[in-house]
Amino acid sequence: MGDVLAGSNAVWEFDADAVLIRYERGMRNSKLLQVLGRRRVPYAALSGVELAPGRRGTLVLRAVPRPGADPLMEAADGQLKEAADPYRLVLPAAREPLAEQCAEHLLTAIGARGADADEPAPHHLVDAPAPPLSFKAYDGRASFDGHTVSFRWFWTGASTAKWRAGDQHFPVAGLTGLDWRSPEALGGHLRLLPRDGGGRLPGGADDDPTAVVFGLGYGPVHESLPLAAAVLAAIQRAARSRPALEREGYSRAADVDDMSA
(Lines give C-alpha, C1' and ligand atoms only; values in the text may rest on other atoms or scores of the structure.)
Protein backbone atom coordinates (compact mmCIF):
# COMPACT_ATOMS: atom_id res chain seq x y z
CA MET A 1 0.00 0.00 0.00
CA GLY A 2 1.26 3.50 -0.84
CA ASP A 3 1.95 6.09 1.83
CA VAL A 4 -0.23 8.74 0.16
CA LEU A 5 -3.81 8.63 -1.13
CA ALA A 6 -4.93 11.65 -3.19
CA GLY A 7 -8.58 12.53 -3.77
CA SER A 8 -10.40 15.46 -5.33
CA ASN A 9 -10.92 17.23 -2.01
CA ALA A 10 -7.90 16.16 0.05
CA VAL A 11 -4.68 14.18 0.23
CA TRP A 12 -4.19 11.65 3.01
CA GLU A 13 -0.70 10.64 4.08
CA PHE A 14 -0.39 7.67 6.41
CA ASP A 15 2.18 8.19 9.15
CA ALA A 16 3.22 5.75 11.86
CA ASP A 17 0.61 6.94 14.36
CA ALA A 18 -1.62 9.38 12.47
CA VAL A 19 -3.25 10.38 9.18
CA LEU A 20 -1.87 13.67 7.86
CA ILE A 21 -4.58 15.40 5.83
CA ARG A 22 -4.03 18.24 3.39
CA TYR A 23 -7.18 19.81 1.98
CA GLU A 24 -7.22 20.89 -1.65
CA ARG A 25 -7.98 24.45 -2.68
CA GLY A 26 -10.37 25.37 -5.48
CA MET A 27 -13.78 26.87 -6.12
CA ARG A 28 -15.52 23.50 -5.91
CA ASN A 29 -14.05 22.57 -2.55
CA SER A 30 -15.39 23.53 0.87
CA LYS A 31 -14.24 26.89 2.24
CA LEU A 32 -14.06 25.35 5.69
CA LEU A 33 -11.63 22.66 4.54
CA GLN A 34 -9.53 25.25 2.73
CA VAL A 35 -9.33 27.31 5.91
CA LEU A 36 -8.32 24.24 7.92
CA GLY A 37 -5.51 23.64 5.44
CA ARG A 38 -3.76 20.72 7.12
CA ARG A 39 -4.70 18.46 10.01
CA ARG A 40 -3.00 15.66 11.88
CA VAL A 41 -5.48 13.03 13.04
CA PRO A 42 -3.98 10.40 15.38
CA TYR A 43 -5.28 6.87 14.89
CA ALA A 44 -6.26 7.06 18.56
CA ALA A 45 -8.81 9.73 17.56
CA LEU A 46 -10.66 7.33 15.23
CA SER A 47 -13.23 4.64 15.92
CA GLY A 48 -13.75 3.18 12.46
CA VAL A 49 -13.67 3.52 8.67
CA GLU A 50 -16.44 3.69 6.07
CA LEU A 51 -16.17 3.05 2.32
CA ALA A 52 -19.21 3.77 0.15
CA PRO A 53 -20.14 4.80 -3.40
CA GLY A 54 -20.21 8.53 -3.99
CA ARG A 55 -21.80 10.68 -6.67
CA ARG A 56 -21.00 10.62 -10.38
CA GLY A 57 -18.55 7.75 -10.47
CA THR A 58 -16.80 8.47 -7.20
CA LEU A 59 -16.01 6.57 -4.05
CA VAL A 60 -15.96 8.03 -0.54
CA LEU A 61 -13.52 6.86 2.12
CA ARG A 62 -14.44 8.25 5.52
CA ALA A 63 -12.60 7.93 8.81
CA VAL A 64 -15.00 7.97 11.76
CA PRO A 65 -13.81 10.17 14.64
CA ARG A 66 -14.32 9.11 18.23
CA PRO A 67 -16.78 11.30 20.13
CA GLY A 68 -14.90 14.00 21.98
CA ALA A 69 -11.65 13.53 20.06
CA ASP A 70 -11.98 16.53 17.74
CA PRO A 71 -13.08 19.94 19.06
CA LEU A 72 -14.15 20.99 15.55
CA MET A 73 -16.58 18.08 15.23
CA GLU A 74 -17.70 18.55 18.83
CA ALA A 75 -18.57 22.19 18.15
CA ALA A 76 -20.26 21.34 14.83
CA ASP A 77 -22.43 18.74 16.57
CA GLY A 78 -23.59 17.07 13.34
CA GLN A 79 -24.46 20.30 11.53
CA LEU A 80 -21.81 20.18 8.79
CA LYS A 81 -22.81 19.56 5.21
CA GLU A 82 -21.33 16.47 3.60
CA ALA A 83 -18.87 18.41 1.44
CA ALA A 84 -17.47 20.17 4.52
CA ASP A 85 -16.81 16.97 6.48
CA PRO A 86 -13.05 16.96 7.18
CA TYR A 87 -13.02 13.16 7.49
CA ARG A 88 -14.21 12.42 3.92
CA LEU A 89 -11.90 11.61 1.00
CA VAL A 90 -13.54 11.58 -2.45
CA LEU A 91 -11.86 9.28 -4.97
CA PRO A 92 -12.55 8.05 -8.52
CA ALA A 93 -14.50 4.78 -8.37
CA ALA A 94 -11.70 3.11 -10.35
CA ARG A 95 -9.42 3.46 -7.31
CA GLU A 96 -11.59 1.19 -5.17
CA PRO A 97 -8.87 -1.51 -4.72
CA LEU A 98 -6.42 1.05 -3.35
CA ALA A 99 -9.14 2.61 -1.20
CA GLU A 100 -9.92 -0.82 0.27
CA GLN A 101 -6.27 -1.32 1.14
CA CYS A 102 -6.16 2.06 2.87
CA ALA A 103 -9.36 1.26 4.76
CA GLU A 104 -7.82 -2.02 5.96
CA HIS A 105 -4.67 -0.17 7.00
CA LEU A 106 -6.71 2.29 9.04
CA LEU A 107 -8.77 -0.45 10.67
CA THR A 108 -5.59 -2.30 11.63
CA ALA A 109 -4.07 0.87 13.07
CA ILE A 110 -7.25 1.65 15.00
CA GLY A 111 -7.53 -1.92 16.26
CA ALA A 112 -3.98 -1.77 17.53
CA ARG A 113 -5.14 0.91 19.97
CA GLY A 114 -7.30 -1.65 21.79
CA ALA A 115 -10.90 -1.56 23.01
CA ASP A 116 -10.76 2.18 23.81
CA ALA A 117 -11.49 2.95 20.14
CA ASP A 118 -15.15 2.21 20.88
CA GLU A 119 -15.24 4.64 23.80
CA PRO A 120 -15.47 8.46 23.80
CA ALA A 121 -12.04 10.09 23.91
CA PRO A 122 -10.98 11.21 27.39
CA HIS A 123 -9.92 14.56 25.94
CA HIS A 124 -9.30 16.24 22.57
CA LEU A 125 -6.78 14.38 20.44
CA VAL A 126 -6.96 16.54 17.30
CA ASP A 127 -5.68 20.11 17.40
CA ALA A 128 -8.14 22.95 16.99
CA PRO A 129 -7.42 25.89 14.67
CA ALA A 130 -4.90 28.20 16.29
CA PRO A 131 -5.92 31.65 17.56
CA PRO A 132 -6.06 34.57 17.11
CA LEU A 133 -9.35 34.14 15.27
CA SER A 134 -12.26 36.47 14.59
CA PHE A 135 -15.37 36.84 12.47
CA LYS A 136 -18.12 39.35 11.80
CA ALA A 137 -21.55 38.36 13.11
CA TYR A 138 -24.75 40.26 12.36
CA ASP A 139 -24.75 42.16 15.64
CA GLY A 140 -21.06 42.31 16.54
CA ARG A 141 -17.53 41.11 16.00
CA ALA A 142 -16.40 37.98 17.83
CA SER A 143 -12.70 37.43 18.48
CA PHE A 144 -10.58 34.97 20.41
CA ASP A 145 -6.93 35.55 21.32
CA GLY A 146 -6.34 32.16 22.94
CA HIS A 147 -7.35 33.29 26.42
CA THR A 148 -10.40 35.55 26.11
CA VAL A 149 -13.47 35.62 23.87
CA SER A 150 -14.60 39.18 23.08
CA PHE A 151 -17.85 40.45 21.59
CA ARG A 152 -17.88 44.04 20.30
CA TRP A 153 -21.36 45.18 19.32
CA PHE A 154 -22.33 46.94 16.07
CA TRP A 155 -24.74 49.84 16.45
CA THR A 156 -26.40 48.76 13.19
CA GLY A 157 -27.27 45.24 14.37
CA ALA A 158 -27.03 44.83 18.14
CA SER A 159 -30.19 44.89 20.24
CA THR A 160 -30.84 47.50 22.92
CA ALA A 161 -30.18 44.86 25.58
CA LYS A 162 -26.71 44.21 24.21
CA TRP A 163 -25.90 47.89 23.92
CA ARG A 164 -26.89 48.36 27.55
CA ALA A 165 -24.73 45.41 28.59
CA GLY A 166 -21.74 46.83 26.68
CA ASP A 167 -18.95 44.99 24.92
CA GLN A 168 -18.27 41.61 26.50
CA HIS A 169 -15.04 39.79 27.42
CA PHE A 170 -15.05 36.16 28.59
CA PRO A 171 -11.86 34.48 29.88
CA VAL A 172 -11.95 30.78 28.96
CA ALA A 173 -11.39 29.86 32.61
CA GLY A 174 -14.86 31.27 33.30
CA LEU A 175 -16.62 29.23 30.60
CA THR A 176 -18.05 25.70 30.73
CA GLY A 177 -18.77 25.32 27.01
CA LEU A 178 -20.59 26.86 24.06
CA ASP A 179 -23.41 26.31 21.61
CA TRP A 180 -22.73 26.84 17.89
CA ARG A 181 -25.74 26.86 15.61
CA SER A 182 -24.89 26.88 11.92
CA PRO A 183 -25.49 30.10 9.99
CA GLU A 184 -26.92 27.90 7.25
CA ALA A 185 -30.06 27.34 9.37
CA LEU A 186 -32.55 29.66 11.06
CA GLY A 187 -31.47 30.90 14.46
CA GLY A 188 -27.75 30.57 13.81
CA HIS A 189 -25.57 31.88 16.63
CA LEU A 190 -22.55 31.36 18.83
CA ARG A 191 -23.57 31.31 22.48
CA LEU A 192 -21.07 30.99 25.33
CA LEU A 193 -21.88 29.22 28.58
CA PRO A 194 -20.38 31.12 31.52
CA ARG A 195 -19.49 29.11 34.59
CA ASP A 196 -21.45 31.41 36.90
CA GLY A 197 -24.43 31.76 34.53
CA GLY A 198 -24.37 35.52 35.01
CA GLY A 199 -25.32 37.94 32.25
CA ARG A 200 -27.72 35.59 30.54
CA LEU A 201 -31.05 37.15 29.66
CA PRO A 202 -34.27 35.19 29.09
CA GLY A 203 -35.23 34.62 25.46
CA GLY A 204 -33.19 34.06 22.35
CA ALA A 205 -29.68 34.99 21.32
CA ASP A 206 -30.73 38.44 20.04
CA ASP A 207 -30.83 39.87 23.56
CA ASP A 208 -28.25 37.59 25.19
CA PRO A 209 -24.88 39.34 25.74
CA THR A 210 -23.16 35.93 25.86
CA ALA A 211 -24.15 35.30 22.23
CA VAL A 212 -23.58 36.73 18.76
CA VAL A 213 -26.20 36.24 16.06
CA PHE A 214 -25.51 34.99 12.55
CA GLY A 215 -27.29 35.96 9.34
CA LEU A 216 -26.91 35.96 5.58
CA GLY A 217 -23.21 36.65 5.03
CA TYR A 218 -22.54 36.96 8.78
CA GLY A 219 -20.76 34.29 10.81
CA PRO A 220 -20.09 31.91 7.88
CA VAL A 221 -19.18 28.35 8.77
CA HIS A 222 -15.56 28.66 7.64
CA GLU A 223 -15.05 31.61 10.02
CA SER A 224 -17.28 30.96 13.03
CA LEU A 225 -16.77 27.20 13.44
CA PRO A 226 -12.94 27.32 13.65
CA LEU A 227 -13.24 29.97 16.35
CA ALA A 228 -15.81 27.89 18.25
CA ALA A 229 -13.53 24.86 18.05
CA ALA A 230 -10.54 26.86 19.29
CA VAL A 231 -12.57 28.13 22.24
CA LEU A 232 -13.76 24.61 23.14
CA ALA A 233 -10.19 23.34 23.07
CA ALA A 234 -9.05 26.18 25.32
CA ILE A 235 -11.92 25.57 27.74
CA GLN A 236 -10.97 21.93 28.02
CA ARG A 237 -7.29 22.74 28.57
CA ALA A 238 -8.28 25.15 31.34
CA ALA A 239 -10.61 22.56 32.86
CA ARG A 240 -7.93 19.86 32.78
CA SER A 241 -5.60 22.11 34.72
CA ARG A 242 -8.06 22.36 37.63
CA PRO A 243 -8.64 19.78 40.36
CA ALA A 244 -10.79 16.85 39.27
CA LEU A 245 -13.91 18.07 41.06
CA GLU A 246 -13.80 21.40 39.22
CA ARG A 247 -13.28 19.69 35.87
CA GLU A 248 -16.69 18.06 36.11
CA GLY A 249 -18.17 21.39 34.99
CA TYR A 250 -16.68 21.15 31.46
CA SER A 251 -19.17 20.51 28.65
CA ARG A 252 -20.16 21.57 25.16
CA ALA A 253 -23.64 22.34 26.47
CA ALA A 254 -24.90 23.04 29.96
CA ASP A 255 -26.09 19.52 30.71
CA VAL A 256 -23.18 17.51 29.26
CA ASP A 257 -20.30 16.61 31.57
CA ASP A 258 -18.80 13.47 30.06
CA MET A 259 -15.84 15.26 28.45
CA SER A 260 -13.89 15.56 31.68
CA ALA A 261 -10.55 13.82 31.61
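Among contacts in this protein between residues at least 6 apart in sequence, 58% link residues that are at least 24 apart. Keep in mind as you browse that the model is predicted. The protein has 261 residues, and 49% of them are buried. Here is a quick tour, starting with the whole chain and moving on to one of its sheets.

**Overall make-up**
- The secondary structure comprises six helices and 14 strands.

**The β5-β6-β7 sheet**
- Three strands build an open sheet, arranged in the order β5-β6-β7, with antiparallel pairing.
- The edges belong to β5 (46-53) and β7 (88-92); each has a single partner strand, so one side of each lacks a neighbour in the sheet.
- On average, neighbouring strands of this sheet are turned by 15° against each other, with direction ignored.

**A closer look at β6 and β7**
- Strand β6 covers residues 58-65 and is joined to β7 by five bridges, the two strands running antiparallel.

- Helix α3, made up of residues 96-111, lies across β5, β6 and β7.
- Relative to β5, helix α3 runs at about 165°.

Terms used: Residues numbered from 1 in each chain as written. Predicted model: local features only at pLDDT ≥ 70, side-chain atom pairs only at ≥ 80, totals over all residues. Heavy atoms only, no water. Helix = DSSP H or I, 4+ residues; strand = E, 2+ residues; numbered from the N terminus. Buried < 20%, exposed > 50% of the residue type's maximum accessible area, 1.4 Å probe, protein only. Contact = heavy atoms within 4.5 Å. Pairing = 2+ DSSP bridges. Axes fitted to C-alpha atoms, helices over the stretch in contact; angles between N-to-C directions.
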